[in-house]
Amino acid sequence: MAGLTVGSLVLVPMADRFGRRRMVLLSLLTLSLFAIGAGFSPNFYVFMVLKFLSGISSSGILANGFVIGGEWSESSKFGLCTTLCHSFYPIGLMMLAGITYLIRDWRILQLVLFSPLVLVLGIFYWVLPESARWLITQGRKEEAIRMIRWAAKVNGRSAPDHLLEKLEDEGTAKKGTMLDIFRIPSLRKRALIMSYLWFATGVVYNGLSVNVGGFGLSIYITQFIFGLVEIPACFGVLPLIDHVGRKFSLAGLLSFGGLACLGILGIPKDLPVVVTVVAVLGKFALTGCFAIVYVYTAELYPTNVRQSGVGLNSTFARVSGILAPLVKLLAVFHETIPMLVYGIVPITAGVLCLLLPETRNTQLQDHAEPS
């Protein structure tokens, strides 16, 4: 999780300067090297270092992968594209439960889990295009037009020359940095609120995940259930954000997840199945929050600082992932404290979410402008 935090601050914003495609490929290469290498670690200290570096690489894939897909889609389909990208995460969680149950040797497990990345890297090198939207903001119009024509050919369509000419008339924008987010008042407000929303979503999501063995059932069964419930959660938010909007959907799910955690405090300990059901409902809500927060965050920032914004905000989710196990340790003072934290933090985040602008049915911005 510490590696994910560093990667969110360092590797993700680099995509605004060097391109989405380049950072995805670099992240895949380094992740395959570090993760496979971890399986040959001679001691625990080397293993920790390699897992830390693997976390840094993972951030480059998690954040850049969905953005490059979303920027290639129509603005109205940005949410659908992002959700499709994230729907494979719960599938991985379910597979992980089965694979870890069958393979108990951690060295073999590392090789089985990460060796396929070599194949993925080879495929992506040939088929993954650079974001045409990003190329335009960098003044690389000819490359952008070439990418658009290639995409049109792949989809069996044509790219009219009169539309491509309009792209050439937009001019070159100044390259954005993370500092631009704090210089511009509207972006600064969004960054501060979204950072807390990411933190709230992450602390409860990871808090329920690290407590997977504390609900009274097998960790493998509970892990599988947690993964299974995330699939309908990912796709269930699509009609919600399209009809209700990003802001109110996120605020509602954050509040629901918090109330579910508070509700666990009222369930007797001799009813583990009921506790697991309520925890699953909370995990369902927070998974929906993660699906929305990725879409919402990317839509709140213009293209030339989009990855810087996503990287900054997602850093707080990684920090909350580090703190989540520590929150669980507060039970030594009183057993209700962890669930109180998991309940109160997302509810307050839901209230703050109402201060953000709605992005449903709005065009993605390309440039950061003072306001």
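W198 is buried, with a relative accessible area of 0%, where buried means under 20% relative accessible area, exposed over 50% and partly exposed in between, computed with a 1.4 Å probe on protein chains only. The model is predicted, so local features need pLDDT of at least 70 and side-chain atom pairs count only at pLDDT 80 or more, whereas totals for chains, interfaces and linings use all residues. Residues are numbered from 1 along each chain as its sequence is written, and side-chain values use heavy atoms, with hydrogens and water left out.

**Aromatic pairs**

- The structure holds seven aromatic pairs, a pair being rings of Phe, Tyr or Trp (its six-membered ring) whose centres lie within 6.5 Å, with planes under 30 degrees apart counted as stacked, over 60 as edge-to-face and the rest as tilted.
- One of them joins F44 and F47, which are stacked at 6.4 Å centre to centre with 25° between the planes.
- F44 and F47 are separated by about one helical turn, because they are three residues apart in helix α4 (residues 44-71); helices here are DSSP runs of H or I with at least four residues, numbered from the N terminus.
- F44 counts as exposed because its relative accessibility is 54%.
- The rings of W198 and F290 form an edge-to-face pair, because their centres are 6.1 Å apart and their planes are at 70°.
- Since W198 lies in helix α13 and F290 in helix α16 (residues 272-300), this pair ties together parts that are 92 residues apart in sequence.
- F290 is buried, with a relative accessible area of 14%, and W198, Y205, F290 and Y294 form one aromatic cluster.

- T201 lies in helix α13 (residues 185-210) and counts as buried, at 0% relative accessibility.
- Leaving aside residues up to four places away in sequence, T201 touches L254, L286, C289 and F290, contact meaning heavy atoms within 4.5 Å.

**Charges over rings**

- The charged end of K283 sits over the ring of Y205, 4.6 Å from its centre, the criterion being NZ of Lys or CZ of Arg within 6 Å of the ring centre and within 35 degrees of the ring normal.
- The charged end of R104 sits over the ring of Y101, 5.0 Å from its centre.

**Helix α18**

- The buried residues of α18 include P338, M339, Y342, G343 and V345.
- Seen down the axis of α18, its buried residues fall within an arc of 170°, so they line one face of the helix; the arc is that of the directions from the helix axis to the C-beta atoms.

Notes
Helix = DSSP H or I, 4+ residues; strand = E, 2+ residues; numbered from the N terminus.
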